[in-house]
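Let's take a walk through this fold, starting with the strands and finishing with a pair of helices. Have the viewer open as you read.

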Amino acid sequence: MPVFPDPPAVTEHGRARVVSMCNQKGGVGKTTTTINLGASLAEFGRKVLLVDFDPQGSLSVGLGLNPHEMDLTIYNLLMDRETTLDEVVVPSGIEGMDLLPSNIDLSAAEVQLVHEVAREQTLQRVLAPALEHYDVILIDCQPSLGLLTVNALTASDGVIVPLECEYFALRGVALLKTTIDKVRERLNPKLEIDGVLGTMFDGRTLHSREVMERLVSAWGDKVFHTVIRRTVKFSDATVAGEPITSYASSSTGADAYRQLAKEVVTRWPAE
């Protein structure tokens, strides 16, 4: 494992890099990675905005919000031009990290956006004012390759693909790569894959190790050196409604996401 340096200090915030957590398979650790990578980057002095772009609202719930008690969500921001970003953004409870919440209302946006002009650019348009205020914007995508995910990819500079270390998770990645290539070709030429992240790794099983080997042979340098291992602490932190970096600060899971934050920053273009 290479040693990654701590990210350099940020003297001024802005010109955010937008990154989508994307995988059409559910349950691979997208939301967990969004919360904990965001919290780790905030620990390193970055100003972070998390965007819950999944109608299930798992990211919002994972940070302690009640989906039924939200007055405004990202759905209002997408569909109502009168709603401003500042009205919808809420504090996450972690210093330096804010949240654009979501709930089941967002599922209606996919249907309503179909008839809009430039429908793939809607998220990019509403996030534009945030670029000057944040260093990193992380978008938690829904587990599908529908219009919402295409919106997220169109608005992004990079994609991180969390991938559970088991055989079925490998199968869908080719389809995801095809979608990313199409978005790059037709909508967003600057889009690139920042990396593929092995999650839920269990080093005791031959299966996990074999999947990891196949992942490296298929994706090469795109695979992050950092691997997120299985631990019950992730579930406990979700129930507590906070990132593992604050819930169990000295755990192996928290250390892994801090390591990932360092590795991710080294892959991004110099700020």
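## The sheet and its neighbours

Strand S6 (residues 158–164) and S7 run parallel, and 7 bridges join them. Before going further, a word on what you're looking at: this is a predicted model, where local features need pLDDT of at least 70, side-chain atom pairs count only at pLDDT 80 or more, and totals for chains, interfaces and linings use all residues. Residues are numbered from 1 along each chain as its sequence is written, and side-chain values use heavy atoms, with hydrogens and water left out. Strands here are DSSP runs (E, at least two residues), as are helices (H or I, at least four), and both are numbered from the N terminus.

Back to the S6 and S7 pair. In S7, Gly198 is the bridge partner of Leu163, and Thr199 of S7 stands opposite Glu164. On its other pairing, S6 is joined to strand S1 (residues 17–21) by 3 bridges, again running parallel, with Met21 opposite Ile160 of S6.

How covered is S6? Mostly: 7 of its 7 residues are buried, where buried means under 20% relative accessible area, exposed over 50% and partly exposed in between (1.4 Å probe, protein chains only). Gly158, Ile160, Pro162 and Glu164 sit on one side, Val159, Val161 and Leu163 on the other, and both faces are covered.

Zooming out, 7 strands make an open sheet with mixed pairing, in the order S3-S4-S2-S5-S1-S6-S7. Two strands count as paired if DSSP finds at least two bridges between them. At the edges are strand S3 (90–91) and strand S7 (192–199), each pairing on one side only.

Now for S2 (residues 48–53). All told, 6 of its 6 residues are buried, so S2 is largely enclosed by the rest of the structure. Val48, Leu50 and Asp52 point one way, while Leu49, Val51 and Phe53 point the other.

| Strand joined to S2 | Bridges | Direction |
|---|---|---|
| S4 (residues 97–100) | 4 bridges | parallel |
| S5 (residues 136–141) | 6 bridges | parallel |

For residue-level landmarks, Val51 stands opposite Leu100 in S4, and Val48 has Val136 as its bridge partner in S5.

Over to the helices. H5 (residues 106–113) and H7 (residues 147–155) pack with their axes 9 Å apart, at an angle of about 85 degrees. That makes H5 roughly perpendicular to H7; the label covers 65 to 115 degrees, with under 35 roughly parallel, over 145 roughly antiparallel and the rest oblique. Leu106, Glu110 and Leu113 of H5 make the contact with Leu147, Leu148 and Asn151 of H7, contact being heavy atoms within 4.5 Å. By class, that is 4 nonpolar, 1 polar and 1 charged residues.

Finally, the record: UniProt (unreviewed entry) places the feature "domain: AAA" at residues 17–193. That span is 40% helix and 18% strand, and its end C-alpha atoms lie 13 Å apart. Such annotations may be inferred rather than shown by experiment.

Definitions and conventions: Axes are lines fitted to C-alpha atoms, for helices over the stretch in contact, and angles run from 0 to 180 degrees between N-to-C directions. Ala, Val, Leu, Ile, Met, Phe, Trp, Tyr, Cys and Pro count as nonpolar, Asp, Glu, Lys and Arg as charged, and the others, Gly among them, as polar.
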